[in-house]
Structures are given as C-alpha cells and as structure tokens.
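Thanks for making time this morning; I would like to walk you through one model, element by element. Please have the view open while I talk.

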Amino acid sequence: MVHNKKENKKVKTNREKKEELSDYKVLCFNGIPKLVEIHRGRFSSCHTQDFYDTDWNKTDFVQSEDPPSDEIMSKPVFADQMFRLSAMLARGIPHVRIDWYYANGHLYFGEMTFYDGSGFSPFAEGQDEILGGWLDLPQKYDSTTKEE
C-alpha cells in the first residue's frame with residue numbers, strides 16, 4: 001500500500017492484487033537517459049531482464065544471470081514521462097540509475113543508485129566498455145599543480 005500524504009489517500013498497488021509489479025530502471029549518462037532495464041517476474045522462477053533504448057528498441061544488452069525474455073514489449077504509455085523525469089533527476093550526474101514502478105495509472109519513483117547491481121553485476125562481454133564510453137567524467141583535479 002502506498003500512502004499519498006498530500007491527498008491523504010492510499011493507493012492500492014498491483015502487489016496487493018497479487019500481481020507483480022515490473023521494475024523500470026532508467027540508466028542515465030551525463031543527465032541523459034540512454035537505456036531502460038526492465039525486470040519482470042522478479043519473485044518467480046521466470047525472472048527476466050530486458051534492455052530497451054529510449055526509442056523503445058529492444059537491445060542485446062545482458063547483465064548478470066537474469067536472462068532476457070523472448071518477447072518484444074510495446075512501449076508503455078508512461079515511457080516518455082519516465083524518461084523526462086529521469087533526465088530532470090539525473091541533471092549534472094555522470095551516471096545514475098533511476099528506478100520506477102507503474103501502478104493504477106500512475107508512475108511511482110523507486111530510488112536512485114550510482115552502482116547498478118551494487119557494482120557486482122557485469123554486463124556481457126564488451127558491453128561494459130560500451131556503457132563506459134557513454135560517460136563524460138570531469139577532469140581530475142591535481143592538487144599538486146600550482147596555479148600561476
């Protein structure tokens with residue numbers, strides 16, 4: 001049950017209806033959403049993890065032991081809103097993953113994390129390098145260099 005303090009009402013989520021929520025995890029690089037990681041069946045024996053780009057094309061990214069599904073998901077009605085809000089939250093951050101849930105016609109914020117998979121879930125061979133290529137890290141400050 002999610003409680004909305006502002007309107008003082010409770011929102012019944014899909015979990016309470018015994019339907020599992022899908023996780024939508026937007027990977028942002030330099031404030032720009034690039035991929036959405038979608039987990040379905042997380043608490044079942046058929047947990048899948050798919051990656052879509054922001055034009056909603058299924059990609060071949062694979063991470064950890066969770067296999068991709070065999071299906072192509074249609075673009076959810078909330079996708080553009082999710083990407084727009086993710087870009088706002090990610091502004092000024094080199095890399096962040098922003099998690100969302102969708103229930104009862106509403107998009108719900110989950111969390112922001114800087115370490116997808118706690119940093120222990122590598123992507124398939126060569127894919128970590130692709131993601132790393134999307135980073136634009138600031139110059140390292142060298143405190144030993146004297147300014148003139």
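Let me begin with strand 5, which is mostly covered, since 5 of its 6 residues are buried. Please keep in mind throughout that what you see is a predicted model. Strand 5 pairs with strand 4 in the antiparallel sense, over 6 bridges, and within that pairing Leu35 has Asp53 of strand 5 as its bridge partner.

Moving on to the next pairing, strand 4, residues 32–40, is also joined to strand 3, residues 23–29, again in the antiparallel sense and over 7 bridges. Here Tyr24 stands opposite Ile38 of strand 4.

If we now step back to the whole sheet, we have an open sheet of 5 strands in the order 5-4-3-6-7, with antiparallel pairing. Its edges are formed by strand 5, residues 48–53, and strand 7, residues 106–113, each of which pairs on one side only. From one strand to the next, the twist averages 25 degrees.

What lies across these strands? Helix 1 lies across strand 3, strand 4, strand 5, strand 6 and strand 7, and runs at about 145 degrees to strand 6, which spans residues 95–103.

Helix 1, residues 79–90, contains Leu89, a residue that is partly exposed, with a relative accessible area of 35%. Together with Phe109 and Met112, Leu89 forms a nonpolar patch on the surface, and the accessible area of these residues together is about 240 Å². Because patch members need over 30% relative accessible area, Leu89 passes that cut-off with its 35%.

Methods: Residues are numbered from 1 along each chain as its sequence is written. This is a predicted model: local features need pLDDT of at least 70, side-chain atom pairs count only at pLDDT 80 or more; totals for chains, interfaces and linings use all residues. Side-chain values use heavy atoms; hydrogens and water are left out. Patches are made of residues with over 30% relative accessible area and no salt bridge: like charges are joined within 9 Å, nonpolar side chains (Val, Leu, Ile, Met, Phe, Trp, Tyr) within 5 Å. Accessible areas come from the Shrake-Rupley method with a 1.4 Å probe; for residues, only the protein chains shown count as cover. A salt bridge is a side-chain nitrogen of Lys or Arg within 4 Å of a carboxyl oxygen of Asp or Glu. Helices (H or I, at least four residues) and strands (E, at least two) are DSSP runs, numbered from the N terminus. Buried means under 20% relative accessible area, exposed over 50%, partly exposed in between (1.4 Å probe, protein chains only). Two strands pair if DSSP finds at least two bridges between them. Axes are lines fitted to C-alpha atoms, for helices over the stretch in contact, and angles run from 0 to 180 degrees between N-to-C directions. Contact means heavy atoms within 4.5 Å.
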